[in-house]
Amino acid sequence: MKRLHSPDIVLLALSSALVFFGILILASVSASFSVQKFGTTFYFFSHQLLYGLLPGILLGTVAFFLPLQALKKWSFPLLLFSVVLLAFVFIPGIGGEIKGAYRWVFLGPISFQPSEFLKLAFILYTAAWLSSRTEKKALKSRSGSNNTLLFFGIILGLLSIFLVLQPDISTLGILSLTGLAMYFLASTPLWHTGAMLVLGAGLLFFLIHVAPYRFSRLAVFLDSSLDPLGKGYQIKQALIGIGSGGLTGVGLGLSFQKFGILPEPISDSIFAIFAEEMGFVGSALLLLVFLAFAWRSFFIAQRVHDSFARLAALGIAFWITLQALVNIGSMTGIFPLAGIPLPFISYGGSALLTELIALGILLNISASTTQKT
């Protein structure tokens, strides 16, 4: 695929705005929390720069200059490598348990979350596989489309086993919905999507039924006054923080909730802190940037002829936007608490690194000359 001299300027500006928002918000929110934990103001901020932002910009730049066909060719090895890393979390001495979940790999001073890399690897492989099925016209025949559904279900089922065992149901939900959206947009039969939605809803019901803490989250979502000092504490304090922000906020760095009141202030709950400090105006602006990013990404995907590039762009845009909406929705009581970080904003080197690589791929796609006019 031939290249333009520069990526899409609008997408680049929106991507830069998201990264800037992330650095600004984390610097403000993490300072007091960092002092409480480590006695220094910039521990979490500097860690995010060294292990997330800087390597993410470097690898994102590499992803921008890589030929898209090379990404397509290496998508399966990348997925396989991500699955191997995912299995490492269960190996004593390498994997580690934090708050009852096996989601981390520790290699000396470096720790990372393999499930974050899995999201992007899964999107690239799904795009490559579905595009190859389209090119071979395997989706045109009934038997071919049914085989496509069966294989897609097997891949998703195998990944689900690893994520359920961790457990990381939130990542499984994001991964499944993103994959399902890509599957639907590849012009597969509509009943395939319907069948997988029904099956997924059944699996979700089963996972909620077998784990009391998941049922508790659902119960609190349905009745926010339930157990306000226990399971309902986080959402209650998040809503108090958001409400305290009013129209313009209490001021950058002046949140009260981040001083040991609201759990997970630099990760899952960071939007509530931001809303308290910047108010409705700042929160609406951040949401608009995410929505504009989604719009521009979908616009670019629509113009690209190459099916792999189109599906990869759609998958990346859907993943980042969905995760942002679920995080914001869970902090505002629209969705149950999901434990999902806010893309580009929440603390986490693995997540930011992966998201910046994804941005590099998106900008790479936007710079292709084989676009519809």
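## Aromatic pairs

Ring pairs join Trp 129, Phe 151, Phe 152 and Tyr 183 into a cluster. Rings of Phe, Tyr and Trp (its six-membered ring) pair if their centres lie within 6.5 Å; planes under 30 degrees apart are stacked, over 60 edge-to-face, and the rest tilted. This is a predicted model, so local features need pLDDT of at least 70 and side-chain atom pairs count only at pLDDT 80 or more, while totals for chains, interfaces and linings use all residues. Residues are numbered from 1 along each chain as its sequence is written, and side-chain values use heavy atoms, with hydrogens and water left out.

A pair of aromatic rings is described by the distance of the centres and the angle of the planes. The count comes to 11 aromatic pairs. In one of them, the ring centres of Tyr 43 and Phe 44 are 5.3 Å apart and the planes stand at 85°, so the pair is edge-to-face. Tyr 43 is partly exposed, at a relative accessible area of 31%. Phe 44 is buried, at 8%. Buried means under 20% relative accessible area, exposed over 50%, and partly exposed in between (1.4 Å probe, protein chains only).

Phe 152 and Tyr 183 form a tilted pair, with 4.9 Å from centre to centre and 35° between the planes. Phe 152 sits in helix H6 (residues 142-165) and Tyr 183 in helix H7 (residues 169-185), so this pair links distant parts of the chain, 31 residues apart. Both Phe 152 and Tyr 183 are buried.

## Overall build

The protein has 13 helices and 3 strands. Helices (H or I, at least four residues) and strands (E, at least two) are DSSP runs, numbered from the N terminus. Of the 373 residues, 51% are buried.

Contact means heavy atoms within 4.5 Å. Among contacts with a separation of 6 or more, 72% are between residues 24 or more positions apart. The protein exposes about 17100 Å², and carbon and sulfur atoms supply 73% of that area. Accessible areas come from the Shrake-Rupley method with a 1.4 Å probe; for residues, only the protein chains shown count as cover.

## Nonpolar core

In soluble globular proteins, nonpolar side chains tend to be buried together. Here the largest nonpolar core has 90 residues. Leu 286, Ile 316, Leu 342, Phe 344, Ile 361 and Ile 365 have the most contacts inside this core. Helix H12 (residues 307-331) gives the most to the core, with 14 residues. A nonpolar core is a set of buried Ala, Val, Leu, Ile, Met, Phe, Trp, Tyr and Cys residues joined through side-chain atoms within 4.5 Å.

## Surface patch

Phe 90, Tyr 102, Leu 150, Ile 154, Leu 158, Ile 161 and Leu 165 form a nonpolar patch on the surface. Together they have about 660 Å² of accessible area. Patches are made of residues with over 30% relative accessible area and no salt bridge: like charges are joined within 9 Å, nonpolar side chains (Val, Leu, Ile, Met, Phe, Trp, Tyr) within 5 Å.

H6 gives the most to the patch, with 5 residues. Leu 150 lies in helix H6. Leu 150 is exposed, with a relative accessible area of 54%.

## Salt bridges

The whole structure holds 2 salt bridges. A salt bridge is a side-chain nitrogen of Lys or Arg within 4 Å of a carboxyl oxygen of Asp or Glu. Arg 296 and Asp 8 meet through their side chains at 2.7 Å, N to O. Arg 296 lies in helix H11 and Asp 8 in the segment before helix H1 (9-38), so the pair ties together parts 288 residues apart in sequence. Both Arg 296 and Asp 8 are buried.

Lys 119 and Glu 116 form a salt bridge at 3.2 Å, N to O. Both lie in helix H5 (residues 114-135), 3 residues apart, about one turn of the helix. Lys 119 and Glu 116 are both buried.

## Two loop residues

Gly 253 lies in the loop between helix H10 (233-245) and helix H11 (270-303). Gly 253 is partly exposed, at 29% relative accessible area. Residues up to four places away in sequence aside, Gly 253 touches Ser 28, Lys 258 and Glu 277. Gly 253 and Ile 273 are 20 residues apart in sequence and 9.3 Å apart in space, C-alpha to C-alpha.

Gln 113 lies in the loop between strand E3 (110-112) and H5. Gln 113 is buried, with a relative accessible area of 14%. Neighbours within four places in sequence aside, Gln 113 is in contact with Arg 103, Trp 104, Asp 168 and Ser 350.
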